Every structure is written in structure tokens, then in C-alpha cells.
Amino acid sequence: GKPVFKQGNDEYNADEIKYNFKSRKALIQGIVTQQGEGYVQGKKVKKDDEDNLYIRNAIYTTCNLAQPHFHINASKIKIVGKKEIVSGPFH
């Protein structure tokens, strides 16, 4: 099956995860995670040691389907400490 990464209460479903246990950094391909009442999907993700996520080719939606009926497309999204989501230009 596909890898599931759990850290505390957070859970990340992905296609591929490369995690460095010493630096606590990860490279993730094809992520799906819930943030508050919404869901974030991304093709390429970097996770730093402060638990910030840097997501390329991202989708933000409140629909929990793999192919959501509606979403916001963003070229870049940064999830800062599970408290806020910062986006570049979006459509």
C-alpha cells in the first residue's frame, strides 16, 4: 500500500516518503493531509525540522475526494506550524 506518515496527531497519506530521522526533514511525493476543515494535496512537498510544509502544485479544498469537485489551485503553499496556510498566486 501507500505510505502513511504519523507525527503526533498529524497524519500524511503519500505516494512516496523519504525521511531523515537525524535532521527530521522529509521529501514527500503525492501528499494528502487534512488541515483544519480543509484538505491539502500536493505533488512535491518538503517538510523541515520545524514541521513546516512547503508544497508545490498544491490543491486546497474542503472536499475529501481524491479528485475534488471544487478546489483552489496554487503553485506554492506553505503550511506554517499547523496554524496558518500561506499561498502564492492561486486559481
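Colleague: In what order do the elements of the protein run from the N terminus on?

Modeller: In this predicted model, the order is β-β-β-β-β-β-β-β. The count is eight strands and zero helices.

Colleague: Why is the protein called as compact as a globular protein of that length?

Modeller: The globule rule gives 12 Å for 91 residues, and the radius of gyration of the protein is 12 Å, so the protein is as compact as a globular protein of that length. Along the principal axes, the C-alpha atoms fill a box of roughly 40 × 30 × 20 Å.

Colleague: What share of the 91 residues is buried, and what makes a residue count as buried?

Modeller: Buried residues make up 31% of the 91. The label requires a relative accessible area under 20%. The accessible surface of the protein comes to about 6,200 Å², and 50% of that surface belongs to carbon and sulfur atoms.

Colleague: How many positive and negative side chains does the protein have?

Modeller: There are 15 positive and 10 negative side chains, and the centres of the two sets lie 6 Å apart. Side chains of opposite charge can pair when their charged atoms come close. The structure holds four salt bridges.

Colleague: What makes Asp-15 and Lys-2 a salt bridge?

Modeller: A salt bridge needs the side-chain nitrogen within 4 Å of the carboxyl oxygen. For Asp-15 and Lys-2 the N to O distance is 2.9 Å, so the pair qualifies. The pair links distant parts of the chain, 13 residues apart: Lys-2 lies in the segment before strand S1 (4-7), and Asp-15 in the loop between strand S2 (10-13) and strand S3 (16-20).

Colleague: Why is Lys-2 called exposed, and what is the label for Asp-15?

Modeller: Exposed means over 50% relative accessible area. Lys-2 has 62% and therefore counts as exposed. Asp-15 has 44%, which falls between the 20% and 50% limits, so Asp-15 is partly exposed.

Colleague: How do you know that Glu-16 and Lys-18 meet in a salt bridge?

Modeller: Their N to O distance is 3.7 Å. The limit is 4 Å, so this pair is counted as well. Glu-16 is partly exposed, at 36% relative accessibility.

Colleague: Where is Lys-25 found, and which residues is Lys-25 in contact with?

Modeller: Lys-25 is in strand S4 (residues 25-35). Leaving aside neighbours within four places in sequence, Lys-25 is in contact with Lys-18, Tyr-19, Asn-20, Lys-47, Asp-48 and Asp-49. Contact here requires heavy atoms within 4.5 Å. At 45% relative accessibility, Lys-25 counts as partly exposed. From Lys-25 to Phe-90, 65 residues apart in sequence, the C-alpha to C-alpha distance is 26 Å.

Colleague: What does Tyr-39 touch, not counting residues up to four places away in sequence?

Modeller: Tyr-39, in strand S5 (residues 38-47), touches Thr-33, Gln-34, Ile-59, Tyr-60, Thr-61, Thr-62, Cys-63 and Asn-64.

Note on methods: Residues are numbered from 1 along each chain as its sequence is written. This is a predicted model: local features need pLDDT of at least 70, side-chain atom pairs count only at pLDDT 80 or more; totals for chains, interfaces and linings use all residues. Side-chain values use heavy atoms; hydrogens and water are left out. Helices (H or I, at least four residues) and strands (E, at least two) are DSSP runs, numbered from the N terminus. The radius of gyration is taken over C-alpha atoms; the globule rule is 2.2 Å times the number of residues to the power 0.38. Buried means under 20% relative accessible area, exposed over 50%, partly exposed in between (1.4 Å probe, protein chains only). Accessible areas come from the Shrake-Rupley method with a 1.4 Å probe; for residues, only the protein chains shown count as cover. Lys and Arg count as positive and Asp and Glu as negative; His and the chain ends are not counted. The place of a charge is taken as NZ of Lys, CZ of Arg, CG of Asp or CD of Glu.
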